[in-house]
Amino acid sequence: MPKPAVVIIGADKGGVGKTTVARTLLDYLVRHQIRTRAFDTEIPKGTLKRFHPDITDIVDISQVADQMRIFDTVNSTDAAVSLIDVRAGLLSPTLSALRKIGFIDAAKKGEITLVVFHILGPSIASLEEIAQTANSLRDAKYFMVKNFINDSHYFGWDDATYASYFKRVPDAVTIEIPKLVEMAAEQVEVASVPFASFIANKKQSGGAASYSLVLRGYVRHWLDNVWAQYDRTGLLKILGTTQAPSALAAPNTLPASGAPADKPRPILQVAAENA
Amino acid sequence: MSGETVPLYVVCSPGRSGGRTLVSRLLTEFYVLGDRPVAAFDLCDEEPRLADYLPHLTTIADIDDIRDQIRFFERLVADDESPKIIDVDHRVFKNFFTTVQKIGFFEEAHRRSIAPLILLVGDAHPKSLDMCATMRRWFPEVSLLPVRNVAQKIAMSEPDIPAKERITRDSLDVPSLRSSLRMLIDVQDFSFCRFWRAKPANLPDAWDDELLDWLTSVYFQFQDIEVLLGFEESWTQIATPPSRHVRMAHSAQQRDVQPLGMGKFAPKKVRGDAPIEQHGPYPVTNMQKMTVQLQSAEERISAFETAIKQWQARATQAETKLLQLIQSKMER
């Protein structure tokens, strides 16, 4: 049995798009038919749960009972991946708590796979976050995510300064989430469905929806780019998960790139055959 | 229309190649002529534009803003079974195709049984050829046909090459047209449908014939394109207008000219054993024209035979005279 993987998504600042990144990750894992469960620490409203209600539980990460609910079941759950969307300001305390309960050590021993997605803010203060987080992480895979979806401008980063912080976390990987057209982002919010469902023009119930094809197209293009970043970093391999052979044909996910099989053939090809 | 597939024509040019709007006009009126529904969209900002020629059939569109894009692209895939024609200006070209690629519009069109066809109006410049290759790389799943607008080049005093020699199966050719006729069709209230149905007053017969031939050759190509796209029924009726039958036949005999596009655009698909009348107007029109040609050829053969007989008689006479001359000299 493959070792379980825990993905922690967080930031010490609010409004940097943690939940958006969590949603793209859940879509990515579902697309690859990887059993996943998610924990939403936005108690009590639970933003992530609104989009992925079937696989998401709302928890209070600061409570021992909920910590037990997450980490004591990592080995016993059917899910290959446990994803935790950590509320703003709680990333460092959460990592600190994980260290205390021996979870970081377990990762060090190779008993579990720990992956941290650190969503960076646009200011120099984010670099201090990296320094703090780096102290908590030794054997975790560390992703530093620049999230441009909110039209952030990473203005205050001097390359040399950035590199000095970056080096504190060995094997860290940088991911850039591109900007999504504002109206498209709004419409997915209003629809309260996963990005993949929006693209597939489906409601949360699975029934047919009537979302704008233009906005669906923009979301598809954007999500393709985000997933390309995950592919580039070898995320699936890091998580120790394997993709099911039929994963790409999974329902309620993105259609395979390119035109459908029954598309008309280009006219020149037909002409050549008839010649 | 065969099945439920609906064509979507994207008439575009990456540069200032002339004739893009002309092709859009011809296509739109091709459907109007057949009493078929059609909707045209004008993505241009230079006049004269498609909307100036066909204001009642054309919607002026914009794709700069995302709300405009939603309005425009949603309308293109509306389930109204109308063929759509988009006239894409060179200034909008990049934005249009970038957006189309970004939102996966052509894939969505295919899913909705819409068959897109890009008609790329270019010229002999290497950039046009490069763009053709680029477009094919960008949209491998979409049919693309280069358009060679000879009419425009002729208007710019290019050497007159018979149009039929330039027509090929892998392009749409708008054949040569004399400058005066070019000016006539460029007038904004000129309608190809109106011209087709009745000869304009004060237009000389020879010019009427020429323009009719020109239009026929283009419309035969449109029919051919429809066949290649998979449409085999409900073709636009493009048989020669009855009012012009007699004069056209006579003029073809006089000029001994083969109608443009003749034979080049014969249907490529065998349609079973159905009677030829069920094959639509196209073969019937061809048969009419072929009959005229056959009659003309037979008359010419007959004339040649008469001439041969005359020459043979003259040769016999000359030979006889020569022999008589030789004989008289020998007798002396």
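A nonpolar core is a set of buried Ala, Val, Leu, Ile, Met, Phe, Trp, Tyr and Cys residues joined through side-chain atoms within 4.5 Å, where buried means under 20% relative accessible area, exposed over 50%, and partly exposed in between (1.4 Å probe, protein chains only). The model examined here is predicted: local features need pLDDT of at least 70, side-chain atom pairs count only at pLDDT 80 or more, and totals for chains, interfaces and linings use all residues. Residues are numbered from 1 along each chain as its sequence is written, chains are lettered from A and ligands numbered from 1 in the order in which they are written, and side-chain values use heavy atoms, with hydrogens and water left out.

In soluble globular proteins, nonpolar side chains tend to be buried together. The largest nonpolar core of this model has 80 residues, and A:F117, A:Y230 and B:F96 have the most contacts inside it. Helix α10 of chain A (residues 213-232) gives the most to this core, with 10 residues; helices (H or I, at least four residues) and strands (E, at least two) are DSSP runs, numbered from the N terminus. A second, separate core of 37 residues includes B:L26, B:L117, B:L145 and B:W214.

A contact means heavy atoms within 4.5 Å. With neighbours within four places in sequence left aside, A:Y230 is in contact with A:V21, A:T24, A:L25, A:Y28, A:F117, A:I175, A:I177 and A:L235. Strand β7(A) pairs in the parallel sense with β6(A) (residues 141-147) over five bridges, two strands being paired if DSSP finds at least two bridges between them. Within β7(A), A:V173 stands opposite A:F143. Elsewhere in chain A, the peptide bond from A:I43 to A:P44 is cis, with omega near 5 degrees. A:P44 lies in the loop between β2 (36-40) and α2 (47-51) of chain A.

Chain B comes to 13 helices and seven strands. Of its 332 residues, 49% count as buried. Among the contacts in chain B with a separation of 6 or more, 76% are between residues 24 or more positions apart.

The seven strands of chain B form an open sheet in the order β3-β2-β4-β1-β5-β6-β7, with parallel pairing. At the edges stand β3 (58-60) and β7 (172-174) of chain B, each with a single partner strand, so one side of each is left without a neighbour in the sheet. Neighbouring strands of this sheet are turned by 20 degrees against each other on average, direction ignored; axes are lines fitted to C-alpha atoms, for helices over the stretch in contact, and angles run from 0 to 180 degrees between N-to-C directions. Within the sheet, β2(B) (residues 39-43) and β4(B) (residues 84-88) run parallel and are joined by five bridges, with B:L43 having B:V88 as its bridge partner. Helix α11 of chain B (residues 205-229) lies across β1 (6-12), β5 (114-122), β6 (143-149) and β7 of chain B, and runs at about 170 degrees to β7(B).

Two loop residues of chain B deserve attention for their backbone angles. Phi is near 60 degrees, a positive value in a residue other than glycine, at B:E81 and at B:S113. B:E81 lies in the loop between α3 (66-76) and β4 of chain B and counts as exposed at 53% relative accessibility. B:S113 lies in the loop between α5 (105-111) and β5 of chain B and counts as partly exposed at 32%.

With a disulfide defined as a pair of cysteine sulfur atoms within 2.5 Å, the count over all chains is zero. For B:C12, the nearest cysteine sulfur is that of B:C132, 9.4 Å away; B:C12 is buried, with a relative accessible area of 0%. For B:C44, the nearest is that of B:C12, 11 Å away; B:C44 is also buried, at 6%.

Confidence is the remaining topic. The predictor gives the complex an ipTM of 0.72 and a pTM of 0.72. pLDDT is the predictor's confidence in each residue, from 0 to 100. Chain B has a mean pLDDT of 77, and 73% of its residues reach 70 or more. Confidence in chain B is highest in β4(B), at 96, and lowest in helix α8(B) (residues 163-166), at a mean of 39. Over residues 153-168 of chain B, pLDDT stays under 50. Where pLDDT is low, the predicted coordinates should not be read in detail.
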